[in-house]
Amino acid sequence: MMADASNSSSQSPGFTEKLKSWLSWSWTYLWLLWFIMLLFLMYILRTPLKLQESLTAVTVFLNTLTPKFYVALTGTSSLISGLILIFEWWYFRKYGTSFIEKVSVSHLRPLLGGMESSSTSSQLFTSINGEAEPGSSSVSECKVWRNPLNLFRGAEYSRYTWVTGKEPLTYYDMNLSAQDHQTFFTCDTDQLRPADAAIQKAWRERNTQSRIKAAYQAIEINQECAAAYVLLAEEEATTITEAEQRFKQALKAGEASYRQSQLIQHHGAQQDAQHRRDTNVLVYIKRRLAMCARKLGRIREAVKIMRDLMKEFPLLGMLNIHENLLEALLELQAYADVQAVLAKYDGLPSFFSDISLPKSATICYTAALLKARAVSDKFSPETASRRGLSTAEMNAVEAIHRAVEFNPHVPKYLLEMKSLILPPEHILKRGDSEAVAYAFFHLQHWKRVEGALNLLHCTWEGTFRMIPYPLEKGHLFYPYPGCTETADRELLPSFHEVSVYPKKELPFFILFTAGLCSFTAMLALLTHQFPELMGVFAKGFFSTLFAPLNFAMEKIENFMPSSFWHQLTRI
């Protein structure tokens with residue numbers, strides 16, 4: 001009995017699904033037939049339903065209405081459509097899509113047999129540590145990375161807030177940084193040591209002063225707590241010099257902890273995790289010391305620290321220390337060394353390598369800058385159009401096209417067509433956040449090379465003629481992801497206008513509501529000014545509109561015998 005019941009219950013959902021799929025298919029492909037059948041049924045039942053009498057009553061009622069009613073009707077329609085237009089425009093500017101279209105796709109399309117949109121909306125942003133960030137939907141390509149050139153919170157971001165009153169970092173960006181700190185600077189054994197437990201609590205605090213207070217508590221417990229000095233250098237120090245002093249204190253404590261954990265790393269899993277934590281802290285401290293030296297003008301010292309760091313810890317390539325090295329070498333104008341670094345990290349064809357690692361805007365645009373440097377000082381678009389491009393110029397143009405295809409947002413910042421802001425602490429590869437971060441540090445290097453920006457200005461837009469449209473197919477890289485706008489809006493502050501590629505056309509419903517609002521407003525004005533003339537026009541319009549239908553009905557009545565219609569009406 002139970003087996004039969006289970007079989008019947010398993011069969012009924014199958015029949016229901018088949019019926020639903022058949023109805024969905026019929027509504028999708030046979031809607032015209034359904035519509036004709038509905039009209040035919042209404043015509044057959046016009047006598048039992050008294051449709052003729054109802055239509056006559058409606059006609060009499062409409063004839064008794066004054067022109068003021070039509071003015072009010074059209075005016076109200078114009079007002080409502082105008083409000084819908086304003087809301088649609090606001091929603092489109094904020095979220096990049098139409099609200100009506102979104103509701104239609106999310107709720108109506110599944111009922112009509114369309115594909116569910118969950119495949120593209122159920123994925124989550126991921127930070128560089130691979131953890132999902134709840135509350136933010138996107139596709140899997142939207143992987144958020146730590147900005148290798150991120151600024152100091154206390155010495156740079158906070159100073160910007162003090163001067164302008166604007167917050168340069170979003171809550172989402174700072175939350176990702178907190179997750180990174182907890183991932184790299186803590187381990188499972190921290191609860192066994194009071195100082196490490198205090199600093200672990202500090203990374204989870206949202207308030208800056210609470211974090212600083214917890215860091216001081218950790219130092220009181222243990223003077224050799226390197227992570228506490230790191231937190232104070234990042235958030236309490238108000239100048240780069242103060243931050244460097246704090247990082248030097250952190251370096252002394254970090255090296256001691258690293259040597260101690262290195263001796264016992266093979267004694268068990270907990271000791272190995274502690275050693276990995278100490279390694280991450282030490283690498284972070286040395287990297288930030290190199291960035292302090294770079295900002296204070298000691299560039300050769302910064303380059304030496306970065307090179308030593310890359311030799312000592314070659315497996316930590318995911319931290320993208322080579323991008324810091326490239327920027328420092330460009331500042332030294334050591335272009336041969338820059339080319340050597342590029343040969344190591346940009347040597348593989350893009351088909352065989354993952355575009356998110358090691359490809360980046362820094363690598364692509366630096367390669368383009370080096371090739372442009374060879375020809376930019378003598379480049380003239382008029383001369384090139386007469387004699388054609390030389391081999392070196394063609395290589396430079398192809399490098400620019402390659403860079404623009406990887407990240408199309410960068411040229412507008414380099415050409416100063418868009419204003420720059422402080423870069424976020426996390427970036428999205430190929431997105432506007434990466435473009436802001438790159439241009440913020442590398443604009444000066446492009447300006448230093450004579451004619452490089454002129455060559456970029458003359459050639460960058462030609463990239464879009466080479467990329468297939470629609471963008472399902474890429475040219476040199478994978479197709480440009482469609483999720484970057486949503487992720488960039490989470491990473492970049494609200495006062496920044498996010499660059500969108502490809503440029504989105506206005507949704508249909510915005511154009512429709514705009515036309516409807518204008519049309520009904522014009523009807524209201526004309527009805528108010530010329531009531532009699534508009535009445536005549538309306539009657540003529542509707543009589544012309546229904547003339548084909550009346551003609552078809554008359555032909556059907558003449559073709560069918562009267563007894564046939566009489567029998568149908570008696571059913």
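W203 is buried in this predicted model, at 3% relative accessibility (buried: under 20% relative accessible area; exposed: over 50%; partly exposed in between; 1.4 Å probe, protein chains only). F185 is likewise buried, with a relative accessible area of 4%. The model is a prediction in which local features need pLDDT of at least 70 and side-chain atom pairs count only at pLDDT 80 or more, while totals for chains, interfaces and linings use all residues. Residues are numbered from 1 along each chain as its sequence is written, and side-chain values use heavy atoms, with hydrogens and water left out.

The structure contains six aromatic pairs (rings of Phe, Tyr and Trp, the last by its six-membered ring, with centres within 6.5 Å; planes under 30 degrees apart are stacked, over 60 edge-to-face and the rest tilted). One of these joins F185 and W203 in a tilted arrangement, 5.6 Å centre to centre with 45° between the planes. Together with Y284, F185 and W203 form one aromatic cluster.

Y365 and Y438 form a tilted pair, at 5.4 Å between centres and 40° between planes. This pair links helix α17 (residues 361-373), which holds Y365, to helix α21 (residues 432-448), which holds Y438, 73 residues apart. Y365 is buried at 1% relative accessibility, and Y438 is buried with a relative accessible area of 2%.

Definitions and conventions: Helices (H or I, at least four residues) and strands (E, at least two) are DSSP runs, numbered from the N terminus.
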